[in-house]
Amino acid sequence: MPDKYKCMKRPLVSIIIPVYNAEAHLPRCVDSILGQAFGDFELLLVNDGSSDGSLEVCQRYAAVDGRVRVLDKANGGVSSARNMGIESAVAEWVMFVDADDWVETNMLELAVPYVDSCDIVRLAWVAHHANDVVVKKRVMNAESPRQLLKQLLRRRTKLAIWGTLIRRELFMLHNIRFDLSYDYAEDWLALLRIVARSKSVKTLPEAYVYHYDMANMSSCINNMSVAKMACNVRLCHDVKGDIPREFRADLRDTRLELYRLLVAAYGCEEVCRHIASIRHKVDLFTLWEVLVANFGWRKKRELLAFWRYIKKQKLN
């Protein structure tokens, strides 16, 4: 089988896995990908300066399957590893998979039929929590980039980029990469920029083919902090130039809701202390924005209380 794939011409899909100290989980992930019923792909294993045996695991797979390429780099974080994968990929389509996750053998088989008519193909997923709790996660249907962009802005659909088939040209033509300055929400930022420039999307809302390991405590979702949550607020500032004006109200309401959630989780004092340290990177909000927001009065009262605190601290 390996010799067959070494003779392949340009593959249709490049699957990119950032690898950092994933020795324990990586074989499950890689085996699930190499077992795909649709075999016209390359697998890029980007070792991000692992200090365990991850690199050796990657090299063992490359030695027995010609579809596997190993990229080795100094540690720079998941965004830098993904960016290296984008730039090294040779296929027309890319997909990201996390090293501690795994996929069903029919994942590509279900997605590939739509590549001639779409820029983005979205798939459903399965969340694996601690104590063997498994929850199927249906992806909200979107029939156009405009509809998907609105869902993403309002945080009503999956914000992670893994398990999504994306035309590589969107990254290359528009110079879209994962922002290295983000510790959190880098997926959401990249997706917003990609979707804003896409022409067509396809959603398979009940194709539960991607398995996300939420029980692994190394997952960033399980290590939340005020700094990570504040990255969401910063995103609302950074993405303004990418979003058509018709969606500005959605972006405003999301920014307000993120501030409300921050305060509910950490309190006015801690949030203001952190916001002050990144003041040049975020937009605060005005009294008028609170009044016109598409919120009920309970949320507006909470935001008004925070607005008064901001005024008192002279952060405006």
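1. Trp162 has a relative accessible area of 5%, so Trp162 is buried (buried means under 20% relative accessible area, exposed over 50% and partly exposed in between, with a 1.4 Å probe and protein chains only). Tyr212 is also buried, at 9% relative accessibility.

2. On the basis of this note: the model is predicted, local features need pLDDT of at least 70, side-chain atom pairs count only at pLDDT 80 or more, and totals for chains, interfaces and linings use all residues. Residues are numbered from 1 along each chain as its sequence is written, and side-chain values use heavy atoms, with hydrogens and water left out.

3. Aromatic pairs. The structure holds 10 of them. Rings of Phe, Tyr and Trp (its six-membered ring) pair if their centres lie within 6.5 Å; planes under 30 degrees apart count as stacked, over 60 as edge-to-face and the rest as tilted. The ring centres of Trp162 and Tyr212 are 4.7 Å apart with the planes at 15°, so this pair is stacked. Trp162 sits in the loop between helix H6 (145–153) and strand S8 (164–167), and Tyr212 in strand S9 (residues 201–213), so the pair links distant parts of the chain, 50 residues apart. Helices (H or I, at least four residues) and strands (E, at least two) are DSSP runs, numbered from the N terminus. Trp162 and Tyr212 also belong to one aromatic cluster with Trp125 and Tyr210.

4. Helices H10 and H12. The axes of H10 (residues 248–277) and H12 (residues 297–313) come within 10 Å and cross at roughly 45°. Axes are lines fitted to C-alpha atoms, for helices over the stretch in contact, and angles run from 0 to 180 degrees between N-to-C directions. H10 and H12 are therefore oblique to each other; angles under 35 degrees count as roughly parallel, over 145 as roughly antiparallel, 65 to 115 as roughly perpendicular and the rest as oblique. Their crossing is left-handed, meaning that the near helix is turned anticlockwise from the far one by less than a right angle, whereas clockwise would be right-handed.

5. Which residues of H10 and H12 meet? On the H10 side they are Leu256, Glu257, Tyr259, Arg260, Val263, Cys268, Glu269, Val271 and Cys272, and on the H12 side Arg298, Lys299, Glu302, Leu303, Phe306, Tyr309, Ile310 and Gln313. Contact means heavy atoms within 4.5 Å. By class, the contact of H10 with H12 has 10 nonpolar, one polar and six charged residues. Here Ala, Val, Leu, Ile, Met, Phe, Trp, Tyr, Cys and Pro count as nonpolar, Asp, Glu, Lys and Arg as charged, and the others, Gly among them, as polar.

6. Tyr259 is buried at 0% relative accessibility, and Phe306 is buried at 3%. Their ring centres are 6.0 Å apart and the planes stand at 40°, so the pair is tilted. Tyr259 in helix H10 and Phe306 in helix H12 are 47 residues apart, and the pair links distant parts of the chain.

7. Leu262, also in helix H10, is buried at 1% relative accessibility. Leaving aside neighbours within four places in sequence, Leu262 is in contact with Val226, Met229, Ala230, Val233, Gly267 and Val271. Met229 is 33 residues from Leu262 in sequence, but 6.9 Å away in space, C-alpha to C-alpha.

8. Helices H6 and H8. H6 packs on H8 (residues 186–195) at an angle of about 155°, with the axes 9 Å apart. The two are therefore roughly antiparallel, and H6 passes H8 in a left-handed crossing. Pro145, Leu148, Leu149, Leu152 and Leu153 of H6 meet Trp188, Leu191, Leu192 and Val195 of H8. The contact of H6 with H8 has nine nonpolar, no polar and no charged residues.

9. Positive phi. Most residues other than glycine have a negative phi. Asn131 has a phi near 60°; Asn131 lies in the loop between strand S6 (120–128) and strand S7 (134–137) and is exposed, at 74% relative accessibility. Phi of Arg155 is near 60°. Arg155 is in the loop between H6 and S8 and is partly exposed, with a relative accessible area of 35%.
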